[in-house]
Amino acid sequence: ISLVMIHNSFGFMLGSYFGPRLIRRVGHIRAFSAFAALMCCAVLVQASAVEAPLWAALRATQGFCSALLMVTLESWVNAHARPETRSRFMGLYMINYYVAGASGQLMVGLNEPTDFRAFSLAAGLLVASLIPLCLTSRPPPLMTESGRLGFRALMRASSISVFGAGMAGFALASFYQLSPIHVKQVGFSTQTVGLFM
């Protein structure tokens with residue numbers, strides 16, 4: 001299970017790396033639409049077969065898409081927020097992000113994990129996320145070339161931050177990947193697992 005789940009983190013890292021290039025090539029709205037659709041497809045394919053290699057590939061795809069969607073949204077928020085309101089906009093964005101994540105966990109108990117309806121609901125919510133962005137009248141952010149900060153330069157600038165971010169990533173990934181399994185194996189119901197998470 002851990003080997004399957006870790007693919008999400010691997011995909012997320014790849015999405016963070018390649019995402020800005022893809023967005024610059026096709027634009028924010030197209031990138032968001034394409035990768036929300038790809039993520040929707042991955043969710044629906046998960047419902048069709050429970051095979052570890054397939055799910056590992058799908059989890060990597062979902063991680064890649066998640067990173068790209070977040071890069072798109074956050075760059076959009078940053079581009080349209082004025083300096084004096086940027087922190088408020090980013091704060092509201094993060095509140096929405098965590099409320100949506102918590103709500104998703106609570107929806108786990110609505111159907112049995114093998115029920116196709118749970119996957120259909122997740123796919124439908126992904127499709128619904130396209131509506132506000134596709135219908136916005138605001139112009140997309142200007143796409144400019146941005147420089148990259150290499151890993152060595154980042155380590156020289158703030159090695160303790162790199163170490164802390166790495167450790168936090170490992171700890172959070174372990175918690176989110178293994179806690180549901182542990183809570184279920186202790187004997188709690190699927191609804192309790194969602195509530196715990």
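Which residues does Gln46 touch, not counting residues up to four places away in sequence? This is a predicted model, in which local features need pLDDT of at least 70, side-chain atom pairs count only at pLDDT 80 or more, and totals for chains, interfaces and linings use all residues. Residues are numbered from 1 along each chain as its sequence is written, and side-chain values use heavy atoms, with hydrogens and water left out.

Gln46 belongs to helix α2, residues 28-46; helices are DSSP runs (H or I, at least four residues), numbered from the N terminus. Its contacts, meaning heavy atoms within 4.5 Å, are Trp55, Leu58, Arg59, Gln62 and Phe119, with residues up to four places away in sequence not counted. Gln46 has 7% relative accessibility and so counts as buried. Buried means under 20% relative accessible area, exposed over 50%, and partly exposed in between (1.4 Å probe, protein chains only).

Cysteines can be looked at next. A disulfide is a covalent bond between the sulfur atoms of two cysteines; here the term is applied to a pair of cysteine sulfur atoms within 2.5 Å. The whole structure has zero disulfides. For Cys40, the closest cysteine sulfur is in Cys41, 5.8 Å away, which is too far for a bond. For Cys65, the closest cysteine sulfur is also in Cys41, at 9.2 Å, again too far for a bond. Cys40 is buried at 10% relative accessibility, and Cys65 is buried at 0%.

Helix α1 covers residues 2-26 and contains Tyr17. Tyr17 has a relative accessible area of 39%, so this residue is partly exposed.

Note on methods: Helices (H or I, at least four residues) and strands (E, at least two) are DSSP runs, numbered from the N terminus.
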